[in-house]
Amino acid sequence: MTYLLIVAAIISAYLIGSFPSAYIAGRLRKGTDIRQEGSKNMGATNVFYNVGIVEGISVLLADAGKGVAAIALARYWGTPEPVQMLAGAVAVLGHIYPVFLKFRGGKGGATAIGVFSFLMPWGIPFYASIFGILMLATRYFTVSFGSAFICFPFVAWFVYHQIGLMVFSVGLILFLFIMYFSRIKEMRAKGGSWNHVAFRKGLKDRL
């Protein structure tokens with residue numbers, strides 16, 4: 001029975017992660033495919049810029065909720081902690097490669113926030129602080145959002161004292177960086193310099 005619950009938890013995590021909240025928001029609000037708009041990324045930031053502020057915030061919360069729900073379900077079924085971490089990672093994978101949209105999804109950042117917030121709630125104040133400081137310095141949401149993830153391995157070690165959680169954090173962050181790398185290169189090409197990529201004139205200065 002334990003093995004069946006583990007398999008069920010992993011499959012459920014993938015299906016939860018595959019829920020296409022950004023796509024649905026674009027279709028309902030503007031009748032468009034968000035993957036054909038702006039950065040063509042199926043994520044909250046793209047929805048924020050090309051659909052609407054309310055829709056962008058809603059998608060951010062929904063995508064983060066997918067990470068929370070995947071781990072919460074695995075925990076409710078009594079699976080071991082490593083399986084719960086795996087369920088969180090699989091939810092991120094589901095967001096990036098959603099079965100409902102022919103495996104064309106987002107980059108996984110918001111879903112990862114949900115995963116980290118559930119596993120390490122004490123990391124959220126550190127994350128929010130770093131994010132806020134970087135936003136003030138760069139005025140660039142994606143750089144601030146992504147760079148702030150670096151706090152979680154340190155929180156896993158110094159606050160929770162769990163080497164497994166630290167290794168998991170490092171692995172998930174590296175995976176996210178790989179997912180975002182193509183977008184970073186695209187912004188470099190559009191912006192003309194790394195300085196323009198890292199430091200924006202304002203939130204409307206989007207590459």
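**Close-up views of helix packing and nonpolar cores**

**View 1. Helix α2 passes helix α4 in a right-handed crossing.** The model shown here and in the other views is predicted. In it, α2 spans residues 21-30 and α4 spans residues 53-76; the two helices pack with axes 9 Å apart and at an angle of about 155 degrees. Because angles over 145 degrees count as roughly antiparallel, α2 is described as roughly antiparallel to α4.

**View 2. Residues in the contact of α2 with α4.** From α2, the contact uses Ser 21, Ala 22, Ala 25 and Arg 29. Glu 55, Val 59, Ala 62 and Asp 63 are the contributors from α4. Sorted by class, the contact has three charged residues, one polar residue and four nonpolar residues.

**View 3. The largest nonpolar core has 26 residues.** The members that touch the most other members are Phe 116, Leu 119, Met 120, Tyr 127 and Phe 149. At least two residues of this core come from each of α5 (81-96), α6 (109-119), α9 (151-158) and α10 (163-191). Helix α10 supplies the largest share, seven residues.

**View 4. Surroundings of Leu 119, a member of the largest nonpolar core.** Leaving aside residues up to four places away in sequence, Leu 119 touches Ile 71, Arg 75 and Met 85, and also Tyr 160, Leu 165 and Phe 168.

Technical notes
Residues are numbered from 1 along each chain as its sequence is written. This is a predicted model: local features need pLDDT of at least 70, side-chain atom pairs count only at pLDDT 80 or more; totals for chains, interfaces and linings use all residues. Side-chain values use heavy atoms; hydrogens and water are left out. A nonpolar core is a set of buried Ala, Val, Leu, Ile, Met, Phe, Trp, Tyr and Cys residues joined through side-chain atoms within 4.5 Å. Buried means under 20% relative accessible area, exposed over 50%, partly exposed in between (1.4 Å probe, protein chains only). Helices (H or I, at least four residues) and strands (E, at least two) are DSSP runs, numbered from the N terminus. Contact means heavy atoms within 4.5 Å. Axes are lines fitted to C-alpha atoms, for helices over the stretch in contact, and angles run from 0 to 180 degrees between N-to-C directions. Angles under 35 degrees count as roughly parallel, over 145 as roughly antiparallel, 65 to 115 as roughly perpendicular and the rest as oblique. A crossing is left-handed if the near helix is turned anticlockwise from the far one by less than a right angle, and right-handed if clockwise. Ala, Val, Leu, Ile, Met, Phe, Trp, Tyr, Cys and Pro count as nonpolar, Asp, Glu, Lys and Arg as charged, and the others, Gly among them, as polar.
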